[in-house]
Amino acid sequence: MKVLAFSHSMDLALELISAGRELGDVSLLMTSDQEGRINEVKGAKEILLCKGMGSGDQEGLVELISGLADDYEIVLLASDRRGRELVGQVAHRLGGSSAVDVSSLSVEDGKLVVERMTFGGKAIAVEELGLPAVISVQKGKFKPPEEGEPSVREISAPSVERRIEIIERKEKPKVGVPLDKAEIVVAVGRGFRKKEDLKLAYELADVLGGVVGATRPLAADLKWMEEEVWIGISGVRIAPKLLIVVGASGQQQFAAGIMDSKVVVAVNTDSKAPIFEQADYGVVMDLYEFLPVLTRKLKEIKGG
């Protein structure tokens, strides 16, 4: 099978090459802003370098990938927010099948078979997909290849009839260590009564040298925090050495995003909250009483 791979993130693009090699030869699409990392690409058959388009041009990428996809059976994208957006748009253009958050791919009896989490991470679905197929692959499931020099072919950017005019671009402020790379995470939920109270979580994270993440209601509904720190099956999946979950009930959407955490501490007033089923240590107590004491004791231990 011929596989076309693309990700806005080069780190994820390198993982997609490994995923694609499970199925056949891989062509990696790279845009002008990714050219500086071209020497890091190993294992692909070829690189398709489009110098006339940037990775932030989502509308143009739909046109570009859809046009290239005629020569491929499978399109692989990353399971991040922009990758999942492309899956639906490109699959619609191609009239093909699609799947998101795939963790494994194989060809069995000439059919494409994928596995992906379902029911909020409680089960694995095994699905057969017709071709062409557009698939997003979970982060961290495939190790980037270390060998195999690809050829490089420059391609032209397609003509795009713009429906959206971009007036200005502004970089989002950096939030420190990326959530999915942090070793210590304090995850906050609806147990916090107002946005200003989140300082209790930030103070705890600061003394521990960690970062703060959030459940969907705080990041997506209330907009108290950036969506980049949204933990869950539709947000960021994390795997810290220590996760402290404060004021979150532990619903399936959230639970699927923390299942790879090493040690989980849960703080909640409801002793029957689902989060305690995932916790190694549980504290049934009001976070407004517990967090200040915990932070103060940790500071004393550290001599702060």
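Hello everyone. What we have is a predicted model, in which local features need pLDDT of at least 70, side-chain atom pairs count only at pLDDT 80 or more, and totals for chains, interfaces and linings use all residues. Residues are numbered from 1 along each chain as its sequence is written, and side-chain values use heavy atoms, with hydrogens and water left out.

Let's start with helix α3, residues 81-94. Helices (H or I, at least four residues) and strands (E, at least two) are DSSP runs, numbered from the N terminus. The 14 residues of α3 reach 20 Å from the first C-alpha to the last, close to the 20 Å expected at 1.5 Å a residue; the expected span is 1.5 Å times one less than the number of residues. Which residues of α3 are buried? They are G83, L86, V87, V90 and A91. Seen down the axis of α3, these buried residues fall within an arc of 120°, so they line one face of the helix. Buried here means under 20% relative accessible area, with exposed over 50% and partly exposed in between (1.4 Å probe, protein chains only), and the arc is that of the directions from the helix axis to the C-beta atoms. The buried residues of α3 pack against β1 (2-6), α2 (58-68), β4 (74-78), β5 (97-108) and β8. Just after the helix, G95 takes a positive phi of about 70°.

Strand β8, residues 133-137, holds S136. S136 is buried, with a relative accessible area of 0%. Its touching residues include V87, A78 and D101, leaving aside those up to four places away in sequence; contact means heavy atoms within 4.5 Å. The side chain of S136 also reaches the backbone nitrogen of D101 at 3.0 Å. A polar contact is a pair of N or O atoms within 3.5 Å; within protein, one must be able to donate a hydrogen and the other to accept it, and residues adjacent in sequence count only if both atoms are side-chain atoms.

Now to helix α8, residues 287-302. At 1.5 Å a residue its 16 residues should span 22 Å, and its end C-alpha atoms are 22 Å apart, which agrees. Its buried residues are L287, Y288, F290, L291, T295 and L298. Down the axis of α8 they fall within an arc of 165°, so these too line one face of the helix. They pack against α4 (199-208), β12 (242-246), β13 (263-268) and β14 (281-284). At the N-terminal end D286 is the cap of α8, with a side-chain oxygen 2.8 Å from the backbone nitrogen of Y288. Just after α8, G303 has a positive phi of about 80°.

A brief stop at I184, in strand β10, residues 184-188. I184 and I244 are 60 residues apart in sequence, yet 8.1 Å apart in space, C-alpha to C-alpha. Among the residues that I184 touches, not counting those up to four places away in sequence, are L208 and L242.

On a 1 Å grid over the protein atoms alone, a cavity is a set of points where a 1.4 Å probe fits but cannot get out; lining residues have an atom within 4 Å of a point. Grid points are joined across faces, edges and corners, and a volume is the space filled by probe spheres set on the points. How many cavities of 30 Å³ or more does the whole structure have? The search finds one. The largest cavity has a volume of about 40 Å³, and helix α1 (residues 10-21) gives the largest share of its lining, three residues. Thank you!

Methods
1 Å grid on protein atoms, 1.4 Å probe; cavity = no way out; pocket = protein on both sides within 12 Å on 5 of 7 lines; lining within 4 Å.
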